[in-house]
Amino acid sequence: MATSFIRDSPYLSKDRITNLAHPELTVCSLCNGLLWLPVACNECEASFCTSCIKTWRIEAEDPRLCPKCSTEYSQRPCPGAITHILSTFDVICHYKPHGCSAIVPYKSLETHEETCNYRQKTCPGCEEKIIRMHFNAHYYTCPSVLLTCPECNSIYQRQNADQHTDYKCLRVQLNQLQDQMMRIEDIQNGKLNLLESQIRHLIETIEQIVNRQKISIN
Ligand SMILES: [Zn+2]
Ligand SMILES: [Zn+2]
Ligand SMILES: [Zn+2]
Ligand SMILES: [Zn+2]
Ligand SMILES: [Zn+2]
């Protein structure tokens, strides 16, 4: 058994369980944390976290072998007795350090943590991590968040909004209109050139016909 194969941080560390029981069955020998999405060895029934055994089967010296019984590893579902013990555990929320006081059943841990109000979200302006329950209040006042002017589509940080004066905004709009006009002129010039060359072609054709008739009369 390779005891050295311990990951830096298990998905679910033992100290987050308030009523831990049968650690010899419910702790993963690869990460030393609580079994998470467990699967078992067909031969010896030792259970591992799905992600731990996946890592083992990529990184171990002999990845074909079970970490526990060293026979060729083949996988079966985790024994029901173990999943039953796991389901009786109460778990402290991962976001406790940010203020969450929830203790939730093992089975609903994932759902809770996905929607936990103390989960952090990164502000796209200042890139600070803000807990979810305070996020909106922060986002709508953060000086670094980018705003778009509804009149001219200029983009600036909220803290520089004062510098986007009515005068500046109108100048930008004027430039945009001038650009637009130039584009329209270009298109119209293109159309005129096309018409001109078509007319020239028509004139040439008419002249050729007239010349041919002159020749045949003579
Ligand atoms: Zn594990
Ligand atoms: Zn085994
Ligand atoms: Zn929570
Ligand atoms: Zn921010
Ligand atoms: Zn503007």
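Which strands does helix 2 lie across? Let's find out by walking through this predicted model.

Before you click, note that residues are numbered from 1 along each chain as its sequence is written. Because the model is predicted, local features need pLDDT of at least 70.

**Stop 1: the sheet.** Select strand 1, residues 38–41, then strand 2 (47–49) and strand 3 (75–77). Strands here are DSSP E runs of at least two residues, and helices are H or I runs of at least four, numbered from the N terminus. Together the 3 strands form an open sheet in the order 2-1-3, with antiparallel pairing; two strands pair if DSSP finds at least two bridges between them. Strands 2 and 3 are at the edges with a single partner strand each, so one side of each has no neighbour in the sheet. From one strand to the next, the twist averages 45 degrees.

**Stop 2: a bridge.** Strand 1 and strand 3 are joined by 3 bridges. Select C41 and you will find its bridge partner, Q75, in strand 3.

**Stop 3: helix 2.** Now select residues 50–59. Here is the reply to our opening question: helix 2 lies across strand 1, strand 2 and strand 3, at about 90 degrees to strand 2. Angles run from 0 to 180 degrees between N-to-C directions, using axes fitted to C-alpha atoms.

**Stop 4: helix 3.** Select residues 80–87 and pick out I82, I85 and L86, which are buried (under 20% relative accessible area, with a 1.4 Å probe; exposed means over 50%). On the other side of helix 3, A81 and H84 are exposed. Finish by showing helix 1 (23–26), strand 1 and strand 2, against which the buried residues of helix 3 pack, with contact meaning heavy atoms within 4.5 Å.

Note on methods: Chains are lettered from A and ligands numbered from 1 in the order in which they are written. This is a predicted model: local features need pLDDT of at least 70, side-chain atom pairs count only at pLDDT 80 or more; totals for chains, interfaces and linings use all residues. Side-chain values use heavy atoms; hydrogens and water are left out.
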